[in-house]
Amino acid sequence: MSSSLTATRTALRGRCPPHLPRNLFAKQRISREQHRNFIGFLKKSKSGSQHAPPPKPILSQDDLFHPFSKSPFPAVQQRGEAIKQLAPCPVCASSHAQGHPHVTRKNVNFECPDCGWPTHCSEEHWEADKEHHRFCGRLREANEDEHDLRSGREMTEFEMPAPIGYDETVSFANWDVFWYTRGFPSMDTERMRRHSSKLLTYPMTVASVLHQNSGLTTSNQRVTPEGIRALAALRSTLHVPTGSPETEEAGVGKPVFRVFILGARAESSLPPHVWEQLSMLFPSVSMHVHFIGPQVSLPNLEDLEKMKADSQQAPEAAAPESEVQTSPSASEQASPADPESAAPSEAIEPAPASYLPNVYQPPTPAPIPVQKRTRSSVPVYGAPSYTVPYRPQISITGIQASYADVHPSLFDSLDPYSDVFFLFSPGLGFPSPSGALTPAGEPVLQVSSPSEWGETLPMLLRSKCSVFVTGFSPADVERDVRALAQAEGVAGEFDWVVTPGENAFGSEKWEVADFDPRVMIKTNWGIWGIKGKRRDIREWEQ
Ligand SMILES: [Zn+2]
Ligand SMILES: [Zn+2]
């Protein structure tokens, strides 16, 4: 039980970016004027022409279903092979459980003709399975989504809108209202909604909690009276007084707003222009997003060294941090005299990796591309780390270390008005992978385990900063919330900020586990928030 839970938890986190098309990293935001002519997902040609004819898709929209072994895309074939290595046949497994030890437990090898996934050891066991129809529809949808991502069609759902106009008001009621009020291209199909929500779920979950137009309110009982106070403190930094225009100038003198994302994995390898969409929703404050965790994706160190050497050779190509950027693309404005830095995201993009199965301890996401001004932050944090001052309004730091190791360098500066923590599917209620047991013989949960969250959560509560946590299903949220009651330094030490419930900005795409294609989750399905308990003076009088 405990090992399968652990497997589920670790397997289902952090799937997002490795499955996005690689050229997403080269994609830049567009203005609305550019939108009509923009050639969807293509990297800009060297000539910079925006008027080339759209590419002919490799697969048409009525040709997206392919059994994994027959897929035109090697990455999909590789995933099918990985599943065959990992997933047991459910019919063999249940006969085994029912006391037929002579039945050899086999892995899946036969591909269901309706969904194309390897689902059973043989056609006989596929026919014998009365449960598969419950999963088959979603699996078929996931199969077609995987092929659609690689189909070469113009993917307008990945185009990012330009900064907000001063007279625009963004609503966070749900994805549809958000996409519309924020000026995204219209999401015409369910498939476009799934792709876009999967890409945007991490930054927009953060934005939708913090923003003054959040759909989480006291009237729907998602925000507590204590939560009102906590959110008002954060919003006093994030926004300007009512009636004033939200401009960059209005932010002069404000502290930098820091978002700490702990235990980060997939979210740390999202392209920076996707995180930039978060800062665009708060035009009057500069943001600094920190990814902290043992599985944070870092730039390839060799690429960083190469970058440094290049910029020493051509110092004019290294813009000072204070330089105001007017071009939407750092790569576009690099000195043309320096062909290496003219297109860093293309030149330095790592070679395509073969498929990495999403089981047990999924590997840290592949190294992220080096941005123009990426620099090492090792001297600051004493751990493998980098910082990108991506735009004046947003910087990104990644630190590959456990939060407890970084906390001492941060604690004195943490401020509930300008700092906030997010934990995306931390698995608090899952047994620790260390296999440790309590004195009563129960598995130690990650919320209490020193190798996972045991030290971190009490540290966060002592900072009095708000901590927001997501889960991938109703059961996952409930498991994490229940675990709080068992953890020393956590139980009785927090106030609710946001009550547990559904997150309107979760991904709408089903993520399928390679170790068992019947296991499916939705990234950031639910959300809740807490903060360190407020100690009133009354307590001292008692
Ligand atoms: Zn079987
Ligand atoms: Zn099927």
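Biologist: What makes Ile261 a contact of Phe422?

Modeller: Contact means C-beta atoms, placed from the backbone, within 7 Å. Leaving out residues up to four places away in sequence, Ile261 touches Glu267, Val289, His290, Phe291, Phe422 and Phe424. This is a predicted model: local features need pLDDT of at least 70, side-chain atom pairs count only at pLDDT 80 or more, and totals for chains, interfaces and linings use all residues. Residues are numbered from 1 along each chain as its sequence is written, and chains are lettered from A and ligands numbered from 1 in the order in which they are written.

Biologist: Why is strand β3 called largely enclosed?

Modeller: Buried means 20 or more other C-beta atoms within 10 Å of a residue's own; exposed means 12 or fewer, and partly exposed lies in between. In β3 (residues 257-262), six of the six residues are buried, so the rest of the structure largely encloses the strand. Phe257, Val259 and Ile261 point one way, Arg258, Phe260 and Leu262 the other.

Biologist: What makes β3 and strand β4 (residues 287-292) a pair?

Modeller: Pairing takes at least two DSSP bridges between strands. β3 and β4 have six, in the parallel sense. Val259 has Val289 as its bridge partner.

Biologist: How many bridges join β3 to strand β8 (residues 419-424)?

Modeller: Five, again parallel. Leu262 stands opposite Leu423 there.

Biologist: Which residues touch the most other members of the largest nonpolar core?

Modeller: Such a core joins buried Ala, Val, Leu, Ile, Met, Phe, Trp, Tyr and Cys residues through C-beta atoms within 7 Å. Among its 78 residues, Ile261, Ile292, Phe421 and Phe422 do.

Conventions. Two residues are in contact if their C-beta atoms, placed from the backbone, lie within 7 Å. Helices (H or I, at least four residues) and strands (E, at least two) are DSSP runs, numbered from the N terminus.
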